[in-house]
Amino acid sequence: MTTAATTSATKTSYAELCTFSRETATLRSVEYLLGWDQETYMPDGAVDGRAKQRALLAGMLHDRRTSDEMGDLIGACEGDAELLADSAVASDIREFRRDYDLATKLPTELVRELQEVGSRAQVIWRDARAKDDFASFAPTLDTLIGLIRRKAECYGVPEGGELYDALLNEYEPGVRASDIEAIFTPLAKSLSTLNAELAQNGTPPDTSCLELKVPEANQHAFGLFVLKSIGFDLNCGRLDTTTHPFCEGLAPGDTRLTTRYRDEHFTDALYGTMHEAGHGIYEQGLPKARFYGQPLSEAVSLGIHESQSRMWENSVGRSMAFWEWALPHAKEQLGPALADCSAEQLYRAVNTAKPSFIRVEADEATYNLHVMLRFDVERAIVRGDIGVNDIPGLWNETFKRYLGLDVPSDAKGCLQDVHWSFGAIGYFPTYCLGNLYAAQFWETINEQIPELDRQIASGEFGPLRTWLNENIHAHGRRYRAGELCEKVTGKSLSAEPLLRHLSGKLRPIYGLD
Ligand code: ZN
């Protein structure tokens, strides 16, 4: 039985837990700032000093996250039924526990070894990819995979699950490989059929309007204009240029985006910017002013984060309504290159679907097949069904089955992604989950805001942003991804909305309906 005295003691514990955690988050924001600076403006000569700064901070952060003080405070909160009767507080404590367990389950020696082998592996991988030489990467990858399997064993296999689940859980809490398989298998089949039909019977759109040359400065100005219009708050954020675009929710009131430009294909930078803005609008929508440092102010999972970016990039940015609004502004700001383009032409061109080898360049219809292939290969290797040397063979065979192409080289095949070289196994499925969540949310949003298309066409993005904020952003990590999906859409996650979206859009563009 809980007495009044223990309740007030645990309330104090909860307050202390939140304060302690807010300080940890503030320290982490310093580390984020150093990381952002390193990717954007840091001079090369600063690299050694920066590595020391970041290593020092990483150690301090790890000590705080795994401290007995944290453990004791969480334990005290867990013991109080009255405190847990508030379901938001109960979720907060559940997630505090999850983070603490993940941080403390790994022996320090394993964390250090993973970090060391990982940073060495990235250099070896880069070289191997440049030389198209998988054999030179294989021994390091083998060591890394051994360490990752040990990491998964430390986390523990969930009852009735498999080792891969423990890795997936780091990025997508509570989701299992069997859940992913149940969605991916029929989706892969339907997507392959759709892509084959488009390729064999469809008429591909004219893409000449994408090849026009647009100066970088004009693209940057237009990107900023779109950011402002869709509601990314530039008073609490920035847009800079990097080789690999990213978004960092650095601290309350400070969200940094980056993008990259090419003179041709101005839509690459535009969609890169809109993608990162989707992540950024999520970060800005999280209740950080109230709950900074607590799970209640953080993103649900990588999959849900990706759903927000893909929604602004694809559901909004690749729609006809978007181009009806954007084209007059684009013509004004991107210079004479676009003078002869119509909204219809751009809409069709940006929705070209064509199998290609590189995941990050893939279109909406083929992208998920790239992800599924990686899931199949990763799962086989973690299960021990194949060895490292079997990866190129399995990759190429699966690629042919999913995308119908013969992979010409490992550089364009299993060596293309950076993820494995830093030990991120179990990460890829979240990209596909993001697309699935985005499509399912989008159907619900359109039911609840029937005027959405007209609003987008006239540049009114506020109602959409408010909907996302109230239904998704405001909850932080209160609900797990699956739960959130059911709460928002009334259904568990399924591939049907994405398939309806793709075939409903692409078949008419390819002249098949
Ligand atoms: Zn993303």
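Strand β2 (residues 247-251) and strand β3 (residues 254-259) run antiparallel and are joined by 4 bridges. This pairing belongs to a predicted model. C247 has L257 in β3 as its bridge partner. With 2 residues between the strands, the hairpin includes G253, which adopts a positive phi near 75°.

Strand β2 is mostly covered, 4 of its 5 residues being buried. In a regular strand, side chains alternate between the two faces of the sheet.

## Aromatic pairs

Across the whole structure, a search finds 16 aromatic pairs. One of them is formed by F225 and W325, whose rings are stacked at 5.8 Å centre to centre with 10° between the planes. Helix α10 (residues 216-230) holds F225 and helix α14 (residues 320-333) holds W325, so this contact ties together parts that lie 100 residues apart in sequence.

The two partners are described by their accessibility. F225 counts as partly exposed because its relative accessibility is 23%, and W325, with a relative accessible area of 9%, is buried.

Both residues belong to a cluster linked by ring pairs. Its members are F222, F225, W312, F322, W323, W325 and F461.

## Charges over rings

The charged end of R256 sits over the ring of W36, at 4.4 Å from the ring centre. In another such contact, R374 places its charged end over the ring of F428, 5.5 Å from the centre of that ring.

Technical notes: Residues are numbered from 1 along each chain as its sequence is written. This is a predicted model: local features need pLDDT of at least 70, side-chain atom pairs count only at pLDDT 80 or more; totals for chains, interfaces and linings use all residues. Side-chain values use heavy atoms; hydrogens and water are left out. Rings of Phe, Tyr and Trp (its six-membered ring) pair if their centres lie within 6.5 Å; planes under 30 degrees apart count as stacked, over 60 as edge-to-face and the rest as tilted. Buried means under 20% relative accessible area, exposed over 50%, partly exposed in between (1.4 Å probe, protein chains only). A charge sits over a ring if NZ of Lys or CZ of Arg is within 6 Å of the ring centre and within 35 degrees of the ring normal. Two strands pair if DSSP finds at least two bridges between them.
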